[in-house]
Amino acid sequence: MKITEHIKNANGKTLFSFELIPPLKGQSIQGIYNAIDPLMEFNPPFIDVTSLREDYIYKQHDNGLLEKLSYRKRPGTIAICAAIMNKYKVDTVPHMLCGGFTKDETENALIDLQFLGIDNVLVLRGDARRGDAAFVPTPNGHCYATELLQQVVDMNNGKYLHEDYGDIARTDFCIGVAGYPEKHFEAPNLKSDFQYLKQKVDMGAEFIVTQMFFDNKKYFEFVNKCREHGINVPIIPGLKPITASKQLVSLSKTFFIDMPEDLVDAIQGCKDEKDVKDVGIEWMINQCKELVNFGAPVLHFYTMGNPGPTKRIAEAIF
């Protein structure tokens, strides 16, 4: 079922969902199941599975020279989605990236997803590789999320990359895109951010999932501005509780987000890391209560493979 259908069928009730990261290469699917099992009591209608582009490692040879090698540390997004659907009977939302994938690889992945009965995709540009100063497109890949979005839309309209497929069926993906309540770090201002987001919706995006935030006013203002710009698709807040004091810096640095002064003061006043986790979870519980009252269609949690904090929050909300 499509994300938009899940939201429509909820009749205004806020739903619960979460995001998983594929395990490291060589690890088993059991780690994914261990991250899902504690959260199934909250009846998630869908689960996101991230996708990561290739990265670089350097191998030193006997002569002292370094060889730059490309590798993918966490493969298996499509297989994980299929395993989740088979075991838990819930929909999955695989992430589709520009970085690390050619247009042909993207098309093949979308064909596989359609074959498996996966109805939703989240279209993203993706991050730069570690060590790259900026995002570097993959040769014969997409530079921007709008280009990747157009490829999915084309396949939904029966247009594939090559003309020799013969009798081909249209795909029917419900397409999601990312939204940034505090502005994408590469955008010159929020106005341009909204212009690009409106372009994606006009092209065919049917729902938005936001970057994490810790000040609900940012989300409320973002939703209101989207509506003012004619963006009327569901806007799903992305959420993650603070669980360690170092995250005050790491999350701000990695995701270019502001931390509310009250939250920072509370965490800096904690006597140990257990207190930090308790403060972070309590803050997120209060955030979620406000978001439910506001009418957020879904509370979507970035679990990072650790279901414990999300379970405590969901117990207080759902």
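Two strands pair if DSSP finds at least two bridges between them. Keep that in mind, since strands come up a lot today. Helices (H or I, at least four residues) and strands (E, at least two) are DSSP runs, numbered from the N terminus.

A word on the model. It is predicted, so local features need pLDDT of at least 70 and side-chain atom pairs count only at pLDDT 80 or more, while totals for chains, interfaces and linings use all residues. Residues are numbered from 1 along each chain as its sequence is written, and side-chain values use heavy atoms, with hydrogens and water left out.

Now walk along the pairs. Strand S1 (residues 15-20) is joined to strand S11 (residues 298-302) by five bridges, and the two run parallel. In that pair, Glu 19 has Tyr 302 of S11 as its bridge partner.

On to S1 and S2. They pair in the parallel sense over three bridges. Leu 20 has Val 49 in S2 as its bridge partner. Right-handed means that, with the strands pointing away from the viewer, the path from the first strand over the helix to the second runs clockwise.

Next, strand S2 itself, residues 46-49. Are its residues buried or exposed? Phe 46 and Asp 48 lie on one side, Ile 47 and Val 49 on the other, and all are buried. Buried means under 20% relative accessible area, exposed means over 50%, and partly exposed is in between (1.4 Å probe, protein chains only).

S2 also pairs with strand S5 (residues 91-97). Four bridges join them, and they run parallel. Asp 48 stands opposite Val 93 in S5. Ile 47 has Thr 92 of S5 as its bridge partner.

How many residues of S5 are buried? Seven of the seven, so S5 is largely enclosed by the rest of the structure. Asp 91, Val 93, His 95 and Leu 97 point one way. Thr 92, Pro 94 and Met 96 point the other way.

From S5 we move to strand S6 (residues 120-124). Three bridges join these two, again running parallel. Leu 97 stands opposite Leu 124 in S6. The chain crosses from S5 through H4 to S6, and this β-α-β crossover is right-handed.

Now the helices. The axes of H3 (residues 77-88) and H4 (residues 103-116) come within 11 Å and cross at roughly 10°. That makes H3 roughly parallel to H4. The cut-offs: angles under 35 degrees count as roughly parallel, over 145 as roughly antiparallel, 65 to 115 as roughly perpendicular, and the rest as oblique. Which residues make the contact? Ile 78, Ala 82 and Met 85 come from H3, and Ala 109, Asp 112, Leu 113 and Leu 116 from H4. Contact means heavy atoms within 4.5 Å. These residues divide into six nonpolar, no polar and one charged. Ala, Val, Leu, Ile, Met, Phe, Trp, Tyr, Cys and Pro count as nonpolar, Asp, Glu, Lys and Arg as charged, and the others, Gly among them, as polar.

Two threonines deserve a look. Thr 77 lies in H3 and counts as buried, at 10% relative accessibility. Beyond its neighbours within four places in sequence, its contacts include Pro 22, Val 49 and His 95. Thr 106 is in H4 and is buried too, with a relative accessible area of 2%. Setting aside neighbours within four places in sequence, Thr 106 contacts Met 96, Leu 97, Phe 101, Leu 148 and Gln 151.

Last, two loop residues. Most residues other than glycine have a negative phi. Asn 43, not a glycine, has a positive phi of about 55°. Asn 43 sits in the loop between H2 and S2 and is exposed, at 61% relative accessibility. Lys 89 has a positive phi near 60°. Its place is the loop between H3 and S5, and at 65% relative accessibility Lys 89 is exposed.

Conventions: Axes are lines fitted to C-alpha atoms, for helices over the stretch in contact, and angles run from 0 to 180 degrees between N-to-C directions.
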